[in-house]
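Please read the following report alongside the sequence and the coordinates, which are shown directly below.

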Amino acid sequence: MEQKFKIEIKNGSTSDTVHFHGNIDSHADSHFEELGRKISKKMVVFDFSSVGRINSMGIALLLRSIKSLKTEQDAQISIQGANQINAMLFKMTGIYLLAPEAKRL
Amino acid sequence: MIGILQKKYQKETINMFSLSKHGRVICSPTPPASCSEFHEIHEWPVRSSEDKEEIIGRVERLIEGGDTSHEFLRQRAALMADEMLENALYCAPRDTHGRQIYAKGEKRSLSPGEEIVLRCAFDGEKLFLEVSDSWGRLSPETVQGYIAINLAHNTSADRAGRGLFFMWKFMKDFYVNFAPGLKTSVGGYLLLNPDSYEYGAI
């Protein structure tokens, strides 16, 4: 069953955590447009633990969003919670070069 | 003229090709992968973009099993079906100038005479997946070009053919079979327990 895509942002004391929910594809486009305005910290964590499928359009949206946050807001982004296939896609497409896996405590 | 061409292409398969590990086109007279060895073959026609999630769900439900291997196969199968159906729904339809007719994400029903069919089969170890459309647009040069672009390791966001690149990377015996202007079939296998060397990302 298709999960409705949404983005939740939790503002912490030192970092903002962006929780993605559902599948990331062309339908997620409009949600990404607002993302930059909601981020206030330099340290940003993208959390994919509630994400299902990410297709090639979703990868393009993530790349665009990560680049935009890095260049326009000088943010340092890290990634956590990606499942096996999504982690493979991040490696294949260079997403991990821009936003490495968050270090586990 | 079109009738003659259609009869010709119905009789003989042309432009069957697969791709080597390095992205080179390998022409072959028969598909490297085939569903004929499976007992049960599922064939699901697509009538609109709204059918996509339902069909992906059916593919996932074919793969029964709660362990990590089955879960990983379900993840790969869902991604492959998604990319194949997106290509058939949005990338294949072109106007007379070769421009894409429908934007990705747009709701659309199939035009009269247009056909998209997903075929799949699973024997417990191997999942066969194939999507056919009635546009016949995917030439060897196009596919090779997309693979080459995506093999260049940089992080360009708007890169054409990324979905095809994923198919080539993940599927065993990935192939394209096309009759220009009439039909394209894209397919291959996914293995329950793949060898790691098949996946450049592992």
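This is a predicted model: local features need pLDDT of at least 70, side-chain atom pairs count only at pLDDT 80 or more; totals for chains, interfaces and linings use all residues.

As a general background, nonpolar side chains in soluble globular proteins tend to be buried together.

The surroundings of A:Phe20 can be listed in detail. When residues up to four places away in sequence are left out of the count, A:Phe20 touches A:Phe5, A:Lys6, A:Ile7, A:Phe32, A:Phe46, A:Asp47, A:Phe48, A:Ser50, A:Val51 and A:Leu62.

## Strand pairing in chain A

Strand E3 of chain A (residues 43–54) pairs with strand E4 of chain A (residues 76–80) in the parallel sense, and the pairing runs over five bridges. Together with helix H3 of chain A, residues 56–73, these two strands make a β-α-β unit that is right-handed.

## Salt bridges within chain B

Over all chains, the structure holds 13 salt bridges. One of them joins B:Glu37 to B:Lys126, with the closest N and O atoms 2.9 Å apart. This pair links distant parts of the chain, given that B:Glu37 sits in the loop between strand E2 (25–27) and strand E3 (42–46) of chain B, while B:Lys126 belongs to strand E5 (residues 126–133) of chain B, 89 residues apart. B:Glu37 counts as partly exposed, because its relative accessibility is 48%.

Two further pairs lie within helices. B:Arg58 and B:Glu54 form a salt bridge in which the closest N and O atoms are 3.0 Å apart; because the two residues are four residues apart in helix H2 of chain B (residues 52–62), about one helical turn separates them. Both partners count as partly exposed, B:Arg58 at 30% relative accessibility and B:Glu54 with a relative accessible area of 40%.

The side chains of B:Arg74 and B:Glu71 likewise meet in a salt bridge, at 3.3 Å from N to O, and both residues lie in helix H3 of chain B, three residues apart, or about one turn of the helix. Is B:Arg74 buried or exposed? At 16% relative accessibility, B:Arg74 counts as buried, since the limit for that class is under 20% relative accessible area, whereas B:Glu71, at 35%, is partly exposed.

## Contact between the chains

Between the two chains, 25 residues of chain A are in contact with 27 residues of chain B. The area buried between chain A and chain B is about 2300 Å², and carbon and sulfur atoms give 61% of this area.

Side chains of opposite charge can pair when their charged atoms come close. Between chain A and chain B the count is two salt bridges. A:Arg53 forms a salt bridge with B:Glu53, in which the closest N and O atoms are 2.6 Å apart. A:Arg53 and B:Glu53 are also part of a network of salt bridges that links them with B:Lys52, B:Asp82 and B:Glu86.

Conventions: Residues are numbered from 1 along each chain as its sequence is written. Chains are lettered from A and ligands numbered from 1 in the order in which they are written. Side-chain values use heavy atoms; hydrogens and water are left out. Contact means heavy atoms within 4.5 Å. Two strands pair if DSSP finds at least two bridges between them. A crossover is right-handed if, with the strands pointing away from the viewer, the path from the first strand over the helix to the second runs clockwise. A salt bridge is a side-chain nitrogen of Lys or Arg within 4 Å of a carboxyl oxygen of Asp or Glu. Buried means under 20% relative accessible area, exposed over 50%, partly exposed in between (1.4 Å probe, protein chains only). Buried area is the accessible area (1.4 Å probe) that two parts lose on being put together, summed over both.
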